[in-house]
Amino acid sequence: LGGVFGLSFIGGAEALLSAAGAAREVLPSAAMYMRIRALTMPVSALSSVLSSALLATKDSRTPLKILFLVAALNAVGDAMLCPHMGVSGAALATAASEVLGLALFGGVLARRHLLPDFRLPSLAGVREFLSFV
C-alpha cells in the first residue's frame, strides 16, 4: 500500500498539493519534497509495523529509543543538508533517518528471533498458486 501511494505521490505531486491548497510559490519545492519522501513511504510503513511488533511484546522502550535516534539523525541531517540543498536536503535527511530506523527495528527483531523466515517461492509454488487464480 505504501508503494501504491508513493507512486501516486511521485507522479501527481503538483496536482495533490494544489488540491490541498498549497500556494503557487511553494509548489515546486513542496513537490520536490513530496517526491523524495514518497520513495521511502514503504520504508515508513514497514518501520511502523516493526515498531508495533516490538510494542506487542510489551517492549515500549526500544521503539522509543530507536525513534529518538531517528529524530536526532534527521535533525543533524537537516542541519548539514538544508543550507546546501534546501528542501531537497530536508527530504533526504528524513528519508535517510527512516531507512536507519527500519534497519534498527529489523536488527532488534532479528536478534530476538521475532522475524518470520522470508523466502521467495519456488517456480513450482508460483505455478500452483497461479492455478488457483
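What is the volume of the largest pocket? In this predicted model, the largest pocket has a volume of about 150 Å³.

**Lining of the pocket**

A total of 14 residues line the largest pocket, and those closest to its centre are Ser 44, Ser 47, Leu 67, Val 70 and Glu 98. Three helices each supply at least two residues of this lining: helix 4 (41-56), helix 5 (61-85) and helix 6 (87-111). Helix 6 gives the most, with 6 residues. Sorted by class, the lining of the largest pocket comprises 8 polar, 5 nonpolar and 1 charged residues.

**Helix 6 and its end**

Just after helix 6, His 113 adopts a positive phi of about 55 degrees.

| Helix pair | Packing angle | Distance between axes |
|---|---|---|
| Helix 5 and helix 6 | about 155 degrees | 7 Å |
| Helix 3 and helix 6 | about 15 degrees | 9 Å |

With an angle of about 155 degrees, and with angles over 145 degrees counted as roughly antiparallel, helix 5 is therefore roughly antiparallel to helix 6. The crossing of these two helices, helix 5 and helix 6, is right-handed. By class, the contact of helix 5 with helix 6 contains 18 nonpolar residues, together with 8 polar and 2 charged residues.

Helix 3, which covers residues 27-38, packs on helix 6 at an angle of about 15 degrees. Angles under 35 degrees count as roughly parallel, and helix 3 and helix 6 are therefore roughly parallel to each other. Helix 3 also passes helix 6 in a right-handed crossing.

Technical notes
Residues are numbered from 1 along each chain as its sequence is written. This is a predicted model: local features need pLDDT of at least 70, side-chain atom pairs count only at pLDDT 80 or more; totals for chains, interfaces and linings use all residues. Side-chain values use heavy atoms; hydrogens and water are left out. On a 1 Å grid over the protein atoms alone, a cavity is a set of points where a 1.4 Å probe fits but cannot get out, and a pocket is an open set with protein on both sides within 12 Å along at least five of seven lines; lining residues have an atom within 4 Å of a point. Grid points are joined across faces, edges and corners, and a volume is the space filled by probe spheres set on the points. Helices (H or I, at least four residues) and strands (E, at least two) are DSSP runs, numbered from the N terminus. Ala, Val, Leu, Ile, Met, Phe, Trp, Tyr, Cys and Pro count as nonpolar, Asp, Glu, Lys and Arg as charged, and the others, Gly among them, as polar. Axes are lines fitted to C-alpha atoms, for helices over the stretch in contact, and angles run from 0 to 180 degrees between N-to-C directions. Angles under 35 degrees count as roughly parallel, over 145 as roughly antiparallel, 65 to 115 as roughly perpendicular and the rest as oblique. A crossing is left-handed if the near helix is turned anticlockwise from the far one by less than a right angle, and right-handed if clockwise.
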